Amino acid sequence: MKLLKEPLVHFLGGALLVFAFFWATGTGRDPADYEITIRETDVARLKAGWVQNFRRAPTPGELDSLIDQEIKEEIYYREALRLGLDRNDPLIRRRLFTKMRFLDNQEGVDDNPSDALLQKWLDDNPEKYTQSPFYDLEQIYLGQSAQQSIAATLDGLNQGTVKPDAVRKPISLPTELKQADASEIARQFGEKFVAGLNTIAVGEWQGPVQSGFGQHLVKITAKTAGKSPALDDVRQAVANDWRAAQTTRLEEAAFDKYRAQYDIKVTGRE
Amino acid sequence: MRKALLLAACSAALTISGCSKDDGSSGSDAEVTNTEYPEQVFWGDTHLHTDNSIDAFGFGTRLDTEAALRFAKGEEVTASKGAKAKLSRPLDFLVIADHSDAVGATKALYEAPRIALLGNEFLLRWHDMMHESDEGSLRVTAELIDGAANGTLPEGLFDPEESADRIKSLWTEHGETLDEYNEPGKFTAFHGFEYTPMPGGDNLHRVVMFRDGSDKTSTILPFASFDAGDPEQLWAYMGAYERDTGGKVLAIPHNSNVSNGRMFAMNKLDGSPIDEAYIKTRALREPIVEVTQIKGDSESHPFLSPNDEFANYGDAGWDKCNLSCSKDMPPESYGGSYTREALKRGLEFTLKMGANPFKFGMIGSTDSHTSLATADENNFFGKHSGNEINNKDRALAPQNLGTRKGRFGWHYLSSGYAAVWATSNTREAIFDAMMRREVYATTGPRMQVRFFGGFDFAEADTDDLVKTGYAKGVPMGGDLTGGGGKAPTFLVSALMDPESANLDRIQVIKGWIDGNGKSQEKIYNISWSSPDSRKVGADGKLTAVGNTVDLTQATWENNIGAPELVTWWQDPDFDAGQNAFYYVRILEIPTPTWPVYDALKFGLTLPDDVITIQQERAYSSPIWYTPAAATS
């Protein structure tokens with residue numbers, strides 16, 4: 001009789017009973033699928049919804065009809081699922097999609113990352129925080145299109161026979177920048193000019209370098225590499241970026257978990 | 001929730017351990033060195049909507065506060081409809097101005113479990129429509145705007161008491177995010193909201209912006225117009241905030257162009273005459289006005305300024321009917337709708353009442369509802385997420401949101417930005433510059449504009465214009481009084497945006513009160529490119545600069561116009577006894593409008609009435625002249 005105590009036997013016995021029931025009734029239905037329970041929490045929810053709309057509690061009669069409505073809705077809901085009405089309905093698909101995504105986003109990001117986490121983020125993403133080089137430079141504006149021979153002018157400037165002011169066209173841009181980084185230079189001269197600085201050597205007049213204003217001759221007197229900042233210098237920016245990245249990562253991870261279970265084929269994509 | 005708990009724990013621990021959200025690393029304004037005078041112009045948008053605005057969310061925006069800030073700081077983000085979005089250059093500051101009315105409500109409605117709404121047919125219908133399709137969501141938003149304009153929303157729909165908890169937590173969390181992204185000296189994130197009264201569909205909207213951090217702003221809730229639709233009530237709220245917290249706040253009226261003459265009306269909202277208290281309060285609370293944005297330009301109109309051949313910029317589509325298009329706007333109403341006329345009305349008040357309610361500086365901003373502060377023609381993300389850059393129908397489609405009449409996509413401008421001359425990129429310095437009106441508007445390009453007035457400038461002072469300007473005169477937004485009968489002189493410089501087009505000209509726009517007590521205006525061309533070949537005719541008009549736009553390529557050539565214009569000017573028609581204002585308008589050479597870029601990209605044929613070529617511009621804040629005897 002030891003056998004009767006085995007859980008497996010209980011399980012199999014139970015399953016047999018269910019099959020026997022289906023066989024006997026001929027309906028093939030699982031009774032659990034046809035059980036509807038309205039719990040206290042459901043009633044409380046229905047009441048609360050009523051209060052929100054009507055600013056008073058429902059009368060017993062009103063509560064009864066709310067419950068009847070809930071039951072009726074549940075029955076139609078289940079029958080609709082049995083008929084497969086949820087399939088191929090874009091409205092329902094969309095709502096379920098939104099709801100799933102919303103559920104996944106409930107899992108929040110840690111608001112208080114440790115220094116170690118932030119330091120690791122800083123180390124992993126140096127390009128976001130490393131400063132650009134700092135430039136000391138002088139520039140001569142030549143106008144929108146240079147009139148003079150640039151090669152001769154450069155020679156003259158570098159040999160000291162031509163003074164910068166003799167060739168400079170007037171414009172209210174600084175003639176000299178000290179310890180300016182790429183973003184500061186871009187604000188004043190535009191991105192094209194910053195890109196141009198990378199192409200010229202340090203120490204003598206070079207050019208022309210193009211900006212949105214026109215052409216410039218440039219003498220970079222010093223170029224110091226930007227350093228990687230310490231966490232304390234950029235903590236807020238790192239924390240913001242880290243948090244934004246975590247949110248994205250969580251969303252993607254939640255989706256990937258589902259997606260990995262599917263074998264996806266696409267035909268006809270352009 | 002987690003944030004709220006953390007905050008509670010922190011404030012409890014604060015007294016003993018100094019646990020603080022601001023751990024010092026993010027710095028404070030005080031740690032930034034201010035320059036001696038405003039050396040640098042800072043660029044920003046004071047009027048941006050995110051997914052917390054009821055309409056923006058309804059239109060489809062799914063980008064939040066954080067995404068909006070990251071985009072403004074120059075990072076690439078993915079827009080709501082999937083396109084990659086990045087600015088050509090970062091902005092220096094941002095005011096997120098979500099509608100205070102039912103802030104966060106559409107997002108909450110959308111995310112609510114359907115079953116919770118079963119008892120409310122009205123909300124359930126909207127909930128279902130929003131989920132059904134993008135079009136459904138747009139219809140909900142249109143109904144919302146319509147309902148708000150016509151007062152037909154069901155009573156209690158956005159009951160402030162019921163939604164107070166949601167708004168409180170949303171506002172607090174939003175403020176904390178702004179503080180996290182505020183980096184004094186590098187990028188300034190302002191707290192703000194938009195107050196949107198719209199009596200009968202007439203636009204009386206204001207952006208409200210704070211100088212303070214969330215320690216102060218979280219003590220209040222954004223002020224809603226559903227309950228208090230008279231701007232005087234907003235000013236009272238602002239006054240109470242300043243008294244209670246020691247903070248500072250200002251309001252920025254906008255879209256006066258669709259106010260049906262009511263933004264700068266000669267009476268109070270209730271029709272009673274404007275009194276001294278109203279004038280003082282309005283001048284104090286509203287030091288600047290947003291003169292250009294996506295929903296058109298409010299500087300002037302050909303009806304008001306028949307002698308101004310550039311007055312029609314950004315008027316098409318916007319001058320016919322009010323914001324909701326529930327009423328036609330007769331041209332007689334334009335006087336209270338456009339800023340130049342308002343400045344003239346201000347002079348009339350000064351003369352009659354000794355004070356000026358309409359003494360404002362001018363800025364531009366986007367009013368974008370996409371969380372993306374874009375104002376460049378070749379990178380325009382539209383008014384709302386239904387019209388982002390990947391929607392090929394957006395230029396030509398009718399825009400009947402909240403309207404039943406035709407405004408078309410191409411009527412919307414890719415405009416504008418706020419330029420602020422401040423001593424540092426901090427909340428304090430930028431806000432204070434706005435209070436003293438040292439600001440100007442542009443329709444997108446970042447040209448640098450300097451404008452100084454004084455009685456003693458000489459032509460040679462243009463050599464060291466800025467230093468002399470501050471030493472011997474006042475900057476834009478300032479006041480000139482007295483002068484001993486001498487005609488005022490002005491120093492003006494305009495430097496092109498190195499990423500945009502050359503400059504056509506500088507104009508001075510003067511408004512004054514003539515001997516009969518009537519206001520007048522005149523436009524002076526004071527500096528222009530190619531002065532050898534371009535002359536001012538007998539009619540006062542200057543030879544047009546030309547046009548290099550190639551519509552088939554959406555390009556132009558900078559081989560006309562000038563990279564910089566600098567000049568000295570003295571008023572040739574000055575009468576020392578007459579109150580006057582002067583502001584400058586800078587015009588770029590012609591460039592293509594955003595629909596031209598769309599046409600090229602999507603292979604569209606634009607109908608003839610679409611404006612394809614424009615001259616982008618900057619408007620400085622005025623400098624006011626007041627005879628010594630009178631006060632301003």
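Mentor: Let us begin with His47(B), which counts as buried because its relative accessibility is 0%; please keep in mind throughout that this is a predicted model. His47(B) has its place in strand 1 of chain B, which covers residues 40-48.

Trainee: And which residues is His47(B) in contact with, leaving aside its neighbours within four places in sequence?
Mentor: The list includes Val95(B), Ala97(B), Glu194(B), Val207(B) and His254(B), and also Glu290(B) and Gln293(B). The run Ser365(B), Thr366(B), Asp367(B) and Ser368(B) is in contact with His47(B) as well.

Trainee: Strand 9 of chain B, what does it pair with?
Mentor: Strand 9, residues 288-293 of chain B, pairs with strand 10 of chain B in the antiparallel sense, over two bridges. Within that pairing, Thr292(B) stands opposite Asp297(B) of strand 10 of chain B. These strands belong to an open sheet of three strands in chain B, with the order 10-9-11 and mixed pairing. Its edge strands are strand 10 (296-297) and strand 11 (361-364) of chain B, each of which pairs on one side only.

Trainee: Next, helix 10 of chain B: which of its residues are buried?
Mentor: In helix 10, residues 276-285 of chain B, the buried residues are Tyr278(B), Ile279(B), Arg282(B) and Arg285(B). Looking down the helix axis, these buried residues fall within an arc of 150°, so they line one face of helix 10 of chain B.

Trainee: Why would residues three or four places apart point the same way?
Mentor: Because an α-helix has 3.6 residues a turn, residues at that spacing point the same way. On the face of helix 10 of chain B turned away from the buried side, you will find the exposed residues Ala277(B) and Lys280(B).

Trainee: What covers the buried residues of that helix 10 of chain B?
Mentor: The cover includes strand 7 (206-210), helix 9 (231-245), strand 8 (249-253) and helix 11 (339-353), which are elements of chain B.

Trainee: Moving along chain B, are the faces of strand 24 covered or uncovered?
Mentor: Both faces of strand 24, residues 617-620 of chain B, are covered, with Arg617(B) and Tyr619(B) buried on one side and Ala618(B) and Ser620(B) buried on the other. Strand 13, residues 439-442 of chain B, runs antiparallel to strand 24 of chain B and is joined to it by three bridges, and Tyr440(B) has Ser620(B) as its bridge partner. Strand 21, residues 580-588 of chain B, also pairs with strand 24 of chain B in the antiparallel sense over three bridges, and here Leu587(B) has Arg617(B) as its bridge partner.

Trainee: Change of topic: how many salt bridges are there over all chains?
Mentor: The search of the whole structure finds 53. One of them is between Arg125(B) and Glu143(B), whose closest N and O atoms are 2.8 Å apart. Arg125(B) lies in helix 5 (residues 121-132) of chain B and Glu143(B) in helix 6 (residues 134-150) of chain B, so the pair ties together parts that are 18 residues apart in sequence.

Trainee: And what about Asp461(B), which residue does it form a salt bridge with?
Mentor: Asp461(B) forms a salt bridge with Lys472(B), the closest N and O atoms being 2.8 Å apart. Asp461(B) lies in the loop between strand 14 (448-454) and helix 13 (465-472) of chain B, and Lys472(B) lies in helix 13 of chain B, so the pair ties together parts that are 11 residues apart in sequence. Asp461(B) is buried, with a relative accessible area of 13%, whereas Lys472(B) is partly exposed at 37%. There is also a network of salt bridges that share partners, joining Glu299(B), Asp308(B), Arg340(B), Glu341(B), Lys344(B), Glu521(B) and Arg585(B).

Trainee: How many salt bridges lie across the interface of chain B and chain A?
Mentor: The rule finds four, and Glu66(B) with Arg243(A) is a salt bridge whose closest N and O atoms are 3.3 Å apart. Between them the chains bury about 3,300 Å², 44% of it on carbon and sulfur atoms, and 41 residues of chain B are in contact with 37 residues of chain A.

Trainee: Last one, what does UniProt list for residues 113-236 of chain A?
Mentor: The unreviewed UniProt entry lists that span as "domain: PpiC". In the model, the span is 40% helix and 25% strand, and its end C-alpha atoms lie 11 Å apart.

Conventions: Residues numbered from 1 in each chain as written. Chains lettered and ligands numbered in written order. Predicted model: local features only at pLDDT ≥ 70, side-chain atom pairs only at ≥ 80, totals over all residues. Heavy atoms only, no water. UniProt positions renumbered as here; feature names shortened; annotations may be inferred. Helix = DSSP H or I, 4+ residues; strand = E, 2+ residues; numbered from the N terminus. Buried < 20%, exposed > 50% of the residue type's maximum accessible area, 1.4 Å probe, protein only. Arc of directions from axis to C-beta. Contact = heavy atoms within 4.5 Å. Pairing = 2+ DSSP bridges. Buried area = accessible area lost by both parts, 1.4 Å probe. Salt bridge = Lys/Arg side-chain N within 4 Å of Asp/Glu carboxyl O.
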